[in-house]
Amino acid sequence: MSAAVAASGDVATSLNGRHVIVKVPATSANLGPGFDTLGLALARYDELEVSVPDASVQDAPGLEIEVHGVGEGEVPLDESHLVVRAIAHTFARAGVPMPALRLVAHNVIPHGRGLGSSGAAIVAGVVAAKGLLEGIVDFSADELLDLATELEGHPDNVAPALFGGLTIAWVTPEGPRHKKLMVHRGVSPLVLVPEHEMSTALARSLQPESVPHEDAVFNVSRSALLVAALIQSPELLFQATEDKLHQHYRAAAMPETDRLIRVLREAGHPAVVSGAGPSILVLASDPSERAAAIALVEATADTAWQALPLAVDFKGATVQNA
């Protein structure tokens, strides 16, 4: 991280009137066997406008938040808002005083459904701060990932939102790291979203402290195979999405998700829990398979599920000056 402007007065003057627009993709983590390691960016985006009000305006609020779409009337409109917390965290890391802010969020990523809404909010804040601090403080990719991971807790949840594509995330003594890979054009993701939410904390509480050795070996092989299937050999996606590490431990907390995954997999579809659930991710190998999976769910589901045929996002979070 390098600072181009040192004096706080100069920084405040430089920030005055800055306005950025941020787009952040939804994500799906784990992807079956890749627990806490693999993540995929999906082309469904939250968009946020963040601006520093003109300092000459008298009696302007120190923080003003508008939320439209998902979360409207539900998420906090104060300093506890997750995007604002991420912006404040990034400014603090940069050693720059937090300015007054106006935030307008247009949200479409479902909350509490395993599509990375919290990670997207954190990434949006980190990237918005990066944009506001352009020319004042520069951040490397590793620093952005570190900032987001400090708030989110797991790099696999924020790496795909930051960088796009398929990401492998791991932690080193120097901090979290990632590798971005391009997904084979034949992969056709489908997300099936239920009406009910799922607590990530609850899902994690169902995970045992240790697993049988053979299950660990099973997942190592399937995780390696999944990377190959996603970037080179989509015909292997069904076998590559097998998991013995986490999904069956959490099944009792989301019985309809578990039932539909079994129905889909019995029909040959590579279905897994998306993130912590309760949404389902189907990593179809072509659009016709995706359509067949939608029809199967419509015919067999006991509750309402929204089908979202989505492309893989390859850009990750973007920021532009308005």
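A residue is called buried when its relative accessible area is under 20%, exposed when it is over 50%, and partly exposed in between, using a 1.4 Å probe and protein chains only. By this scale Asp36, with a relative accessible area of 23%, is partly exposed. The structure is a predicted model, in which local features need pLDDT of at least 70 and side-chain atom pairs count only at pLDDT 80 or more, while totals for chains, interfaces and linings use all residues. Residues are numbered from 1 along each chain as its sequence is written, and side-chain values use heavy atoms, with hydrogens and water left out.

We can begin with the overall division of the chain. The domain assignment, whose bounds come from an automatic or database source, gives domain 1 (4–182 + 313–321) and domain 2 (188–309). The centres of domain 1 and domain 2, taken over C-alpha atoms, are separated by 27 Å. Where the two domains meet, 24 residues of domain 1 and 36 residues of domain 2 take part in the contact, a word that here means heavy atoms within 4.5 Å.

The UniProt record, an unreviewed entry, places the feature "domain: GHMP kinase N-terminal" at residues 82–165; UniProt positions are given in the numbering used here, feature names are shortened, and annotations may be inferred rather than shown by experiment. Over residues 82–165 the chain is 60% helix and 11% strand, and the end C-alpha atoms lie 24 Å apart. Helices (H or I, at least four residues) and strands (E, at least two) are DSSP runs, numbered from the N terminus.

The unreviewed UniProt entry also lists a "binding site", among whose residues are Pro110, His111, Leu115, Ser117 and Ser118. Of the listed residues, His111, Gly112, Ser117, Ser118 and Ala120 are included in the lining of the second largest pocket. On a 1 Å grid over the protein atoms alone, a pocket is an open set of points where a 1.4 Å probe fits, with protein on both sides within 12 Å along at least five of seven lines, and lining residues have an atom within 4 Å of a point.

Leu115 is placed in the loop between strand S5 (101–107) and helix H3 (117–132), and it counts as buried because its relative accessibility is 2%. Not counting residues up to four places away in sequence, Leu115 touches several others, including Ala26, Leu42, Val191 and Ser274. Ser117 is found in helix H3 and counts as buried because its relative accessibility is 11%. Leaving aside neighbours within four places in sequence, Ser117 is in contact with Ile109, Pro110, His111 and Gly112. Ser118 is also found in helix H3, but Ser118 counts as partly exposed because its relative accessibility is 40%.

What of the backbone in the loops? Asn30 and Asp36 both lie in the loop between strand S2 (19–29) and strand S3 (38–51). Although it is not a glycine, Asn30 has a positive phi of about 80°, and Asn30 counts as buried at 4% relative accessibility. Asp36, likewise not a glycine, has a positive phi of about 60°. Elsewhere, a cis peptide bond with omega of about 5° joins Gly277 and Pro278, and Pro278 lies in the loop between strand S10 (271–273) and strand S11 (280–284).

Finally, we turn to charges and rings. The charged end of Lys23 sits over the ring of Tyr45, 4.7 Å from its centre, and Lys244 lies over the face of Phe218, at 4.5 Å from the ring centre. A charge sits over a ring if NZ of Lys or CZ of Arg is within 6 Å of the ring centre and within 35 degrees of the ring normal.
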